[in-house]
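This report treats a loop residue, a pair of packed helices and a nonpolar core in turn. The model it describes is a predicted one.

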Amino acid sequence: VANGVAPSVVLKDIAANSETFAKFSGDGAEGLARAAIQARKLGVEFADIANAAEGLLDFQGSLNKEVEASVLLGRNLNLQKARELALTGDLEGFQTEILKQVGSQAEFDKMNVLQKKALAEATGLTVQQLSKMVSKTNM
C-alpha cells in the first residue's frame, strides 16, 4: 500500500502536519495519505509539498514567478493546472503536475543555476527539493 515507504514515516508526516490536513483535506484522508507517500517516494516531505501548493495559491506572486521562469527557460511554463489541483486539495495530482512542467532529469540537468532557481521558485519548492523529486521520477 505504501509503495516501499514505511507506513510509520507517512503517519508521522501526516500527524506532524495537522494544520495542512485541515487545509487540504478536500481529497480526504486517503488522498492525503497517497500524497504523503508520493512525496516520500520523491525524496521530499509532505510539508514541503503542502507549502509549495499553498505558495501557488498566492496567485499574483505565483503568476509573476511563472512568467519569470518562462522567460529564463525560453519555454512556456504553465502552472494553471497545478494551481487548480492545489485549490481543490489534490496534493497527489499537484505533485504529478509539477513534475510534468519541470520535465525530465536530463532537461533539468541542462539548466543553469538561474533557470533552476527560477523554476523552483515558480513551483514553490527549493532547488534541492525539486532536484530530489526530478531525480526520483521516471518521467
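## An exposed loop residue

In this predicted model, Asn-76 has a relative accessible area of 66% and is therefore classed as exposed, the cut-off being over 50%. Asn-76 lies in the loop between helix 5 and helix 6, the latter spanning residues 80-88. Although Asn-76 and Glu-66 are separated by 10 residues in sequence, their C-alpha atoms are 8.8 Å apart in space.

## Packing of helix 5 against helix 9

Glu-66 also takes part in the contact between helix 5 and helix 9, where Lys-65, Glu-66, Ala-69, Leu-72 and Leu-73 of helix 5 meet Leu-114, Gln-115, Ala-118, Leu-119, Glu-121 and Ala-122 of helix 9. Sorted by class, this contact comprises seven nonpolar, one polar and three charged residues.

Helix 5 (residues 59-73) and helix 9 (residues 113-123) pack with their axes 8 Å apart and at an angle of about 155 degrees. Because angles over 145 degrees count as roughly antiparallel, helix 5 and helix 9 are roughly antiparallel to each other. Their crossing is left-handed.

## The largest nonpolar core

The largest nonpolar core has 34 residues, of which Leu-91, Phe-94, Ile-98, Leu-119 and Leu-130 touch the most other members. Elements that give two or more residues to this core include helix 5, helix 6 and helix 9, while helix 4 gives the most, with six residues.

When residues up to four places away in sequence are not counted, Ile-98 touches Leu-56, Leu-79, Ala-82, Thr-123, Leu-125 and Leu-130.

Notes:
Residues numbered from 1 in each chain as written. Predicted model: local features only at pLDDT ≥ 70, side-chain atom pairs only at ≥ 80, totals over all residues. Heavy atoms only, no water. Axes fitted to C-alpha atoms, helices over the stretch in contact; angles between N-to-C directions. Helix = DSSP H or I, 4+ residues; strand = E, 2+ residues; numbered from the N terminus. Parallel < 35°, antiparallel > 145°, perpendicular 65-115°, else oblique. Left-handed = near helix turned anticlockwise from the far one by under 90°. Contact = heavy atoms within 4.5 Å. Nonpolar A, V, L, I, M, F, W, Y, C, P; charged D, E, K, R; others polar. Buried < 20%, exposed > 50% of the residue type's maximum accessible area, 1.4 Å probe, protein only. Core = buried A, V, L, I, M, F, W, Y, C linked by side-chain atoms within 4.5 Å.
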